[in-house]
Amino acid sequence: DKVLHTMQGSALMEAEHYRVHEHGGTSKRLKVRTTRQTIKQIRLALNPDSSRSVESYSLQVGPGGIQLEAPGPAGMFYGVQTLKQLTEWEGSPKFRQASVDDTPRFPWRGIHLDVSRHFFTATEVKRLLDTMAMFKLNRFH
């Protein structure tokens, strides 16, 4: 079993979100627990830094494990989205080695849904919101 280790409570929410939504939400192989140790697995950490955007993050994936750091919850969320995109599923999760240091170029990245001319079911709107998260869009109008 893989274990997501997190150092702070708000990062725990993103770890749990990753566990629940990975592989269609069917995997029970990932466990989430809090720890203060740095180990060779997955580590999520919020490190407030006034010089970086709260939507930025740094992701390191290598043989020693995975480390995701962000100055705020939004950055942690976007980092988890990138980690989900790097995950390959062939029985158990496999991660591509990568080094990502990402900061949004524009503060407003959004999408508009025109419901006055077209009608959408709740399921369609939720699918659109999931797609927005995947592309790291931050405004829904």
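This is a predicted model: local features need pLDDT of at least 70, side-chain atom pairs count only at pLDDT 80 or more; totals for chains, interfaces and linings use all residues.
**Exercise 1. Find the side chain that makes a polar contact with the side chain of arginine 109, then describe the setting of arginine 109.**

*Solution.* 
Step 1. The partner is glutamate 55: the two side chains make a polar contact at 3.0 Å.

Step 2. Decide: buried or exposed? Buried means under 20% relative accessible area. Arginine 109 has 15% relative accessibility, so arginine 109 counts as buried.

Step 3. List what touches it. Set aside neighbours within four places in sequence; the contacts of arginine 109 are then Glu55, Tyr78, Pro104, Lys136, Leu137, Asn138 and Arg139. Glu55, the polar partner, is one of them.

**Exercise 2. Work out which strands pair with β5, and in which sense.**

*Solution.* 
Step 1. Take β3 (residues 42–46). Strands β3 and β5 run parallel, joined by five bridges. Leucine 46 faces alanine 70 of β5 across this pairing.

Step 2. Take β4 (residues 57–62). Its pairing with β5 is antiparallel, over five bridges. Here leucine 59 sits opposite leucine 68 of β5.

**Exercise 3. Sort the residues of β5 (residues 65–70) by face: covered or uncovered?**

*Solution.* 
Step 1. Recall the rule. In a regular strand, side chains alternate between the two faces of the sheet.

Step 2. Read off the covered face of β5: Ile66, Leu68 and Ala70.

Step 3. Read off the uncovered face of β5: Gly65, Gln67 and Glu69.

Technical notes
Residues are numbered from 1 along each chain as its sequence is written. Side-chain values use heavy atoms; hydrogens and water are left out. Buried means under 20% relative accessible area, exposed over 50%, partly exposed in between (1.4 Å probe, protein chains only). A polar contact is a pair of N or O atoms within 3.5 Å; within protein, one must be able to donate a hydrogen and the other to accept it, and residues adjacent in sequence count only if both atoms are side-chain atoms. Contact means heavy atoms within 4.5 Å. Helices (H or I, at least four residues) and strands (E, at least two) are DSSP runs, numbered from the N terminus. Two strands pair if DSSP finds at least two bridges between them.
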